Amino acid sequence: MALEGGITSMDYMQLYDQWCSDPYFDEGTKRELEAIAGNEAEIEDRFYRRLEFGTGGLRGVIGAGTNRMNIYTVRQATQGLANYIVSQNGQQKGVAIAYDSRRMSPEFADEAALCLNANGIKTYRFESLRPTPELSFAVRQLHCIAGIVVTASHNPREYNGYKVYWEDGAQITPPHDKNILAQVAQVTDFSQVKTMDKQTAMQQGLYQSIGSEIDRLYMEQLKQQSIHPELIKQAAGDIKIVYTPLHGTGNLPVRRVLQELGFTQVYVVKEQELPDGSFPTVAYPNPEDEKAWELALKLAKEVDADIVLATDPDADRLGVYAKDTKSGEYVSFTGNMSGMLIAEYILRERTAAGTMPKNPALVETIVTTDMAKAIAADYHTALIEVLTGFKYIGEQIKLFEQEHSYHYVFGLEESYGCLAGTYARDKDACVAVMMLCETAAYYKLQGKTLWDAMLSMYEKYGYYKEGLATLTLKGIDGAKQIQDMMQDARSNPPKTLGGFQVLAVRDYKADTRTDLQTGQTEPTGLPSSNVLYYELEQNAWCCIRPSGTEPKIKYYFGVKGDSLEDAQNKLAALKNDMVKEA
C-alpha cells in the first residue's frame, strides 16, 4: 500500500535498516534506532514518510527517522532552500538564522548554516537564542534574501521546527512557498545534500555571527511604536507587572524594552526565567493553556500585580491576565481581547494626536474577532481580512507599500499574535508586551484596570465572544480522518448551527462564497486554502480548518451577544453543535 510521501509499507523497513547501517548516519542516531528494533508501529511512524516541508517549513518530534526533526532532515530541507536561493542569484544577499530555547535548536541552526555555506550562500547566525520577530527584523535590516528560525513555537517539549522567511521579512508566501516546496521535494537522497566544516566556512567569510548590534536596532524600533512615553513615566511607579518567558527567548528583550521605556515594577517568575528546552515547570509551553499560568498567577497575588504576561518559547505570542478590582481575581484575556485593547488604544490615541497616516488599515485573519470591524469603522480605518496565518498579514504590509494603497497601523490574529509597526513582518510578543503595558498605564492614570477597559469596549461595540475547539488525530489514519472530515463537511453543508441559520458558506479551497438563500456564488477573493467558513445570522460565524503545523483539525466560533452571559451561552451552543456536526 502506498503511504503519504510515496513510501510503501516495505520501504519504511528498508529505510530503517539503511539508517541503522549506513555510515552516513552518526552512532547516536543508530543507537536510538536499534533501541526500537522489533517495535514495528514505532518504526512505521518514524519512516512512513518524509517529515513534511509545509508552506511555513518543518515541524515535528525530535528524533531519528525520516518523519522526525534531526540534523539529516534539517540538512535535506535546507538543501532544497539553497537550490532555490541559487536559482534566484541570492547567494551574496545571504540568509539570517535564529533559534529558540528548544532541544537541538543551536545544532539545527548550525546544520542549516553550514549546508547553505556549502552551497556558496552567506549566513548571519545569531550568537545565542533570539525571538522569532527579531529574525524577521534582521532579514530586513541585513537585506538578506531569506531567513530561518529554528523553533516549534508553542508546541510540546518533544517538538522542534524550522520556519522560512523571504526577503520582505515575512514567512514565505506565493510564489516562493510553492517554488521552495518543489525544490525541497527534489532532494530525494542524502547524497544530494551538501555541508562543510564550520571553521572553514568562517575563514571563507560565509558563516558570520550577529548579535548585540541587531539587538540595539531592534530595541530602537520597538520603542518607536510607543505613542505616549510620558504616560509610562507618570504611571511607572504605580503599575505592577508580572512576566514569565516560559523558559523561552522573551526574558532579555521583554525586560530590556520595559526597562528602557521606564517601567520599574516588573516581577519575573524566577522558576521560568532561564531558557530550558525541557520546559520543567510546564507540560505545554503555551500561553493559551491555563495550566502554564500557575506560577505566574501565584506571584501576581503575592505582589498584587495589575497585569500578568506570558510569552511563548519563541516570543511571538503573548498571553494576558488582568486584575478585576471588584472580585480581586485575575481574568484571562484571549488573544482577541488583548489585541482589541491594543488596536483601540493605537487608533484612538494616534487619531487624537494627529499621527494617524492617510488611508490607515487594520489587518486581521478570517478567524479573528469581528469586534475589529466595529473598531475600525469607528476610527475610519480600512479593515482587511486575510487567511489564517500571520504571514498573510506580513504580506499585506508589502502589498500596501508596493501598491501605495493603505498604511498599515496594526495587525492581529486570534492565536495571541499581533504586530504594531512595520519594522518586522511577523507577530511580535515583545512589541505586544510594551504596547499592552502602555495601554495599562494609560488606564491606570484614569483609575481603571485593563478589565475595566475591556468591559467598556464591550458596552461600546458589543459583547463579542470567540472560541476554539481542536481534535488531535495522529499518524497515517489520523491524516486520512482529517481529510475525510473536511470532505464530509463540504458534501453536507448544515442549514443551521447552534440555533443560528447558515446564511452563506465560504469554501476557500474552491474559492467560492455561496449565498444559501439565493444560491448565488462568487469568489472569496483570497488564495486557495483548505478552509470552510460559515456566515450565520445575528453576527455569528464558525470556521473549520486542518492545522498547518500539528495533526489537528480546528473549529473556530464567534458570536455577538447582548451581555457577557448571553454571548457565552450563544457561543457554547454554537460550539457544541459545530463540533457534533463536523
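This is a predicted model: local features need pLDDT of at least 70, side-chain atom pairs count only at pLDDT 80 or more; totals for chains, interfaces and linings use all residues.
Residues are numbered from 1 along each chain as its sequence is written, and side-chain values use heavy atoms, with hydrogens and water left out. The helices (H or I, at least four residues) and strands (E, at least two) are DSSP runs, numbered from the N terminus.

Let us begin with helices. Two packed helices are described by the angle between their axes and the distance between the axes. Axes here are lines fitted to C-alpha atoms, for helices over the stretch in contact, and angles run from 0 to 180 degrees between N-to-C directions. Helix 13 (residues 335-353) packs against helix 16 at an angle of about 70°, and their axes are 10 Å apart. Helix 13 and helix 16 are therefore roughly perpendicular to each other; angles under 35 degrees count as roughly parallel, over 145 as roughly antiparallel, 65 to 115 as roughly perpendicular and the rest as oblique. The crossing of helix 13 and helix 16 is left-handed, a word used if the near helix is turned anticlockwise from the far one by less than a right angle, with right-handed used if clockwise.

Contact means heavy atoms within 4.5 Å. Helix 13 makes this contact through Ser338, Leu341, Ile342, Glu344, Tyr345, Ile346, Arg348 and Glu349, and helix 16 through Ala432, Met435, Leu436, Glu438, Thr439, Tyr442 and Tyr443. By class, the contact of helix 13 with helix 16 has nine nonpolar, two polar and four charged residues. In this scheme Ala, Val, Leu, Ile, Met, Phe, Trp, Tyr, Cys and Pro count as nonpolar, Asp, Glu, Lys and Arg as charged, and the others, Gly among them, as polar.

Helix 16 (residues 429-444) also packs with helix 9 (residues 212-223), at an angle of about 40° and with axes 10 Å apart. Helix 9 and helix 16 are therefore oblique to each other. The crossing of helix 9 and helix 16 is right-handed. Tyr218, Leu222 and Lys223 of helix 9 meet Cys430, Val431 and Met434 of helix 16. By class, the contact of helix 9 with helix 16 has five nonpolar residues, no polar ones and one charged residue.

Now for the strands. Strands of a sheet pair through backbone hydrogen bonds, either parallel or antiparallel. Two strands pair if DSSP finds at least two bridges between them. Leu309 has Val320 in strand 10 as its bridge partner.

Six of its eight residues are buried, so strand 18 is largely enclosed by the rest of the structure. Buried means under 20% relative accessible area, exposed over 50%, and partly exposed in between (1.4 Å probe, protein chains only). Strand 18 pairs with strand 17 (residues 496-497) in the antiparallel sense over two bridges, and Thr496 stands opposite Gln501 in strand 18. The hairpin of strand 17 and strand 18 has two residues between the strands, and there Gly498 takes a positive phi near 60°. With strand 19 (residues 512-515), strand 18 pairs in the antiparallel sense over four bridges, and Val505 stands opposite Thr514. With strand 21 (residues 532-536), strand 18 pairs in the antiparallel sense over five bridges, and the bridge partner of Arg506 is Tyr533.

Two single residues end the tour. Lys552 is in strand 23 and, at 15% relative accessibility, counts as buried. Asp562 is found in the loop between strand 23 (552-561) and helix 19 (564-581), and is exposed, with a relative accessible area of 68%.
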